[in-house]
Each structure stands twice: as structure tokens, then as C-alpha cells.
Amino acid sequence: MPENVSLNALLFDMDGVLVDVSRSYRRAIEETVEHFTGRQIGENAIQRYKNYGGFEDDWKLTHAIITDTAMEVPISRVIQEFQDRYRGDDWDGFITEEPPLIDDHTLQRLNQNHILGIITGRPEEEAEWTLDHQDWADYFPLLVGKEKQGDRQKPDPFPLDHSLTMLSAAGCSIAPNEAVYVGDSVDDMKAAQQADMWSVGVVPPYVDDGHESLLKEHGADIVIHDPNDLPGALSSLGSRATAQAVS
């Protein structure tokens, strides 16, 4: 290994890390489940499914919850009802209710020394809309959305591996141990571990504090409760990366 390692790429999940989705994606899950089953589910029930792993796709998560209530509904109908709520008729649905979790000042600081990218299970069109809505497009030259992942979603490391392939094709070769993935789910931490990247776990404001230990259990190198604490967290990771490289 080289004598020292720099952390050159900072890759983000979007939901629960950059934006609060408690009144958008999570609300769409709740209302779509109630539409088909007549039952109300709470935030804790949704989080339990997320904690099981394998539910990065909220359409599949919603369909699984409905199926587990002994309702047989084609996933195409579930997606339609979900999108009617989330995207709306003309980008006027729940997607407009996603307050940022990170400040522009923090992104500016991070952008000075790192390439910033987004690796998300969102359809690219929705991710791009959110970046434009938040006026963040200039910060994130790299975006790997749902379409580029096919059926290989986190915790499969493919989306993270593919992000480095895209950077290399653009003339920016970055090794996995020079990249950090920032996510809020156990699948995010597993994917980073399998991709040999560093991982920062984020506890969203709508998830209980027990989530911190869960993220650490699944491989998080550091866990933070506020994405604006990332500069300090990265300094700590940088020291660990250098020490690991030297050893």
C-alpha cells in the first residue's frame, strides 16, 4: 500500500442524508399501504423493514408491506399509486416537502477538497429534480441513480464500484480506499464495506438513537447525527486511513 492515503471522493446516499424524507418517501409508503390495505402503519414499522436490509427500493418495500398483510396487488399498481403521491401530477407531490439536512456552507467546504457524488436508489430524474430544487447541481458532478444499477442495488457494492469506474472514465482515477460513502441504512454500510470504501453512517432526525449502534454493527467507521459534522468526521477518518496505510 502507499505510505499515505488521501480521501479524495465523498459519495452520498440522498434520502435521510442530504434531505429529510419523512414527509415524502416515507409518507408515500404509509399512504400507499393504507390505500390498498385500509391499515395505517407507522414510521417504526417502515424502519423495521429498512433495518432488515434489502429494501433500498421504496417501491419494493411498499409492495412487501402490502403483501405481508395477505394482500395480492401487482407491483405496477403499487408503483402507480406511490408515484401519484410522491411525484404528483407535475412535480407538485410529496417530493416538494424534503427539507435539506445539510447546509450549503458545508457542501462548499467539502467540495474544496473532494469530488462529491451521489449513489442513490432514486430514479435519476427524481434525484436531478431534487438537486436542481435545492440548487446543489454544481456540487455533485457524479450521479448514479436507479437506472444505472439495474437489479443490483445496495447492499450489492456494484453501484459504488460503478461510481469509481465512471470517475476513471472521466480521467479521475480513485482507489476504493480513497473514497468515503455516507449513508443512513444498514445496506449502505454493508455496500461500503464490500466495496472496500470508508463509511460514515448518518442517523436521520426521524430515526431513534438506537440506529447508531445498528449502523456501527453493520460496518460504519464513524456515525454522526448531523451531516454538517462531516468535515470533522472526515478529518478523523483521514487520520485512520493514513495510519492504516502506513501499518
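This is a predicted model: local features need pLDDT of at least 70, side-chain atom pairs count only at pLDDT 80 or more; totals for chains, interfaces and linings use all residues.
Residues are numbered from 1 along each chain as its sequence is written. Local features need pLDDT of at least 70, side-chain atom pairs count only at pLDDT 80 or more, and totals for chains, interfaces and linings use all residues, while side-chain values use heavy atoms, with hydrogens and water left out.

Helices (H or I, at least four residues) and strands (E, at least two) are DSSP runs, numbered from the N terminus. Two strands pair if DSSP finds at least two bridges between them. Axes are lines fitted to C-alpha atoms, for helices over the stretch in contact, and angles run from 0 to 180 degrees between N-to-C directions.

Strand 5 (residues 198-202) pairs with strand 6 in the parallel sense over three bridges. The bridge partner of V200 in strand 6 is I222. Strand 5 also holds S199. S199 is buried, with a relative accessible area of 2%. Buried means under 20% relative accessible area, exposed over 50%, and partly exposed in between (1.4 Å probe, protein chains only). Not counting residues up to four places away in sequence, S199 touches Y181, M189, A192, G219, A220, D221 and I222.

Helix 1 (residues 25-37) and helix 2 (residues 43-52) pack at about 105°, with their axes 10 Å apart. The two helices are therefore roughly perpendicular (65 to 115 degrees) to each other. Helix 1 contributes R26, I29 and E30 to the contact, and helix 2 contributes E43, I46, Q47 and K50.

In soluble globular proteins, nonpolar side chains tend to be buried together. A nonpolar core is a set of buried Ala, Val, Leu, Ile, Met, Phe, Trp, Tyr and Cys residues joined through side-chain atoms within 4.5 Å. The largest has 52 residues. F12, W136, F140, V180 and V182 have the most contacts inside it. Another core, of 15 residues, lies apart from it and includes L164, L167, A191 and A195.

Technical notes:
Angles under 35 degrees count as roughly parallel, over 145 as roughly antiparallel, 65 to 115 as roughly perpendicular and the rest as oblique. Contact means heavy atoms within 4.5 Å.
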